[in-house]
Amino acid sequence: DGEGEVEVEADLESVVTIVNTYDEIVVEAFGSLTVIKSVEGDTSGLQELPDFIIHVTGPEEFSETVILEDGESHTWHELLPGMYQVNEDKTGLSTEWTVDGEGEVEVEADLESVVTIVNTYDEIVVEVFGSLTVSKEVRGDLSELDELPDFIIEVTGPEGFSTSVTLEDGESYTWHELAPGEYTVSEDKSELSDKWTVTGEGDVTVVEDQEASAEIVNSYNDLPVTGGQPALFAFAGLALSGIGVLLRRKW
């Protein structure tokens, strides 16, 4: 500034000031940020997917929101370089959803930063179980036995369930976390003599959150059975009959 004509007069000094002003031209450099949405897991049982709402905040109070579907992406251009925060609004997501990929991302001048937000759907299966308790009781006169045999209880049920346990008189055993259904409780009689009888075997229904029970009773009878009566009583009957015949003959 200050250029132009100036008049010079006799015996006078004319003064001109030329002003040079330096104005640096600032060329701003920007970066970009791309957010990609990915959905994983078996979502076939869902009628529709929820809204996946992405929030992005950054320098100079930058704040924007976008809704992305599976496989979609969105790019913000001409962003100031700096740290940006990428988050997903989870208020519309059920507990079956997990979110990965959120957090801070740096945007650099003349470069594109990329963030992938992954939503994984994992259907929570709440399993329900029941329990089954089998108890053992032994009856009869066991005085002639040196020791009791092994009482082996066998239990079979749904989904190929099969197990066994050895119980003594008065003992019991409980199976927990059993799938509801019909279970068969029986006793292995291969080591039992014919003096033992077993009652209480059969099917038992296990119901969720409840305890089913069965009692297996082993009764010991040391007298052979003849015609539905112990042999001792049968012999006594024959003896009395013989005495009656003798008396009739005598009289």
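Is Glu102 buried, exposed or partly exposed? Select Glu102: at 28% relative accessibility, this residue counts as partly exposed. Here, buried means under 20% relative accessible area, exposed means over 50%, and partly exposed lies in between (1.4 Å probe, protein chains only).

Before moving on, note that this is a predicted model: local features need pLDDT of at least 70, side-chain atom pairs count only at pLDDT 80 or more, and totals for chains, interfaces and linings use all residues. Residues are numbered from 1 along each chain as its sequence is written, and side-chain values use heavy atoms, with hydrogens and water left out.

**Stop 1: salt bridges**

A salt bridge is a side-chain nitrogen of Lys or Arg within 4 Å of a carboxyl oxygen of Asp or Glu. By this rule the count comes to six salt bridges. Lys90 lies in the loop between β5 (82–89) and β6 (97–100), and Glu102 in the loop between β6 and β7 (103–107), so the pair ties together parts that are twelve residues apart in sequence. Strands and helices are DSSP runs, numbered from the N terminus (strands E, at least two residues; helices H or I, at least four). Lys90 is partly exposed, at 40% relative accessible area.

Next, select Lys136 and Glu187. Their salt bridge has its closest N and O atoms 2.6 Å apart. Lys136 sits in strand β9 and Glu187 in strand β13 (residues 181–188), so this pair ties together parts that are 51 residues apart in sequence. Lys136 is buried, at 3%. Glu187 is buried too, at 4%.

Now pick Glu137 and Arg139. Their side chains meet in a salt bridge (3.0 Å, N to O). Glu137 is partly exposed, with a relative accessible area of 25%. Arg139 is partly exposed at 43%.

**Stop 2: a four-strand sheet**

Which strands make up the open sheet, and in what order? Show β12, β9, β16 and β14: that is their order, with mixed pairing. Two strands pair if DSSP finds at least two bridges between them. β12 (172–178) and β14 (196–199) stand at the edges with a single partner strand each, so one side of each has no neighbour in the sheet. Neighbouring strands here are turned by 15° against each other on average, direction ignored. The angles are taken between lines fitted to C-alpha atoms, for helices over the stretch in contact, and run from 0 to 180 degrees between N-to-C directions.

Zoom in on β9 (residues 130–140) and β12. They run antiparallel, joined by five bridges. Thr133 stands opposite Thr174 in β12.

**Stop 3: Val206**

Select Val206, in strand β15 (residues 202–206). Val206 is buried, at 2% relative accessible area. Leaving out residues up to four places away in sequence, Val206 touches several residues, among them Gly130, Leu132, Leu178, Pro180 and Tyr183. Contact means heavy atoms within 4.5 Å.

**Stop 4: a hairpin**

Go to β2 (residues 52–58) and β3 (residues 62–68). Seven bridges pair these strands in the antiparallel sense. Thr57 has Ser63 in β3 as its bridge partner. Three residues lie between the strands of this hairpin, and Glu60 takes a positive phi near 55°.

**Last stop: Val16**

Finish at Val16, in the segment before β1 (31–41). Val16 is partly exposed, at 45% relative accessibility.
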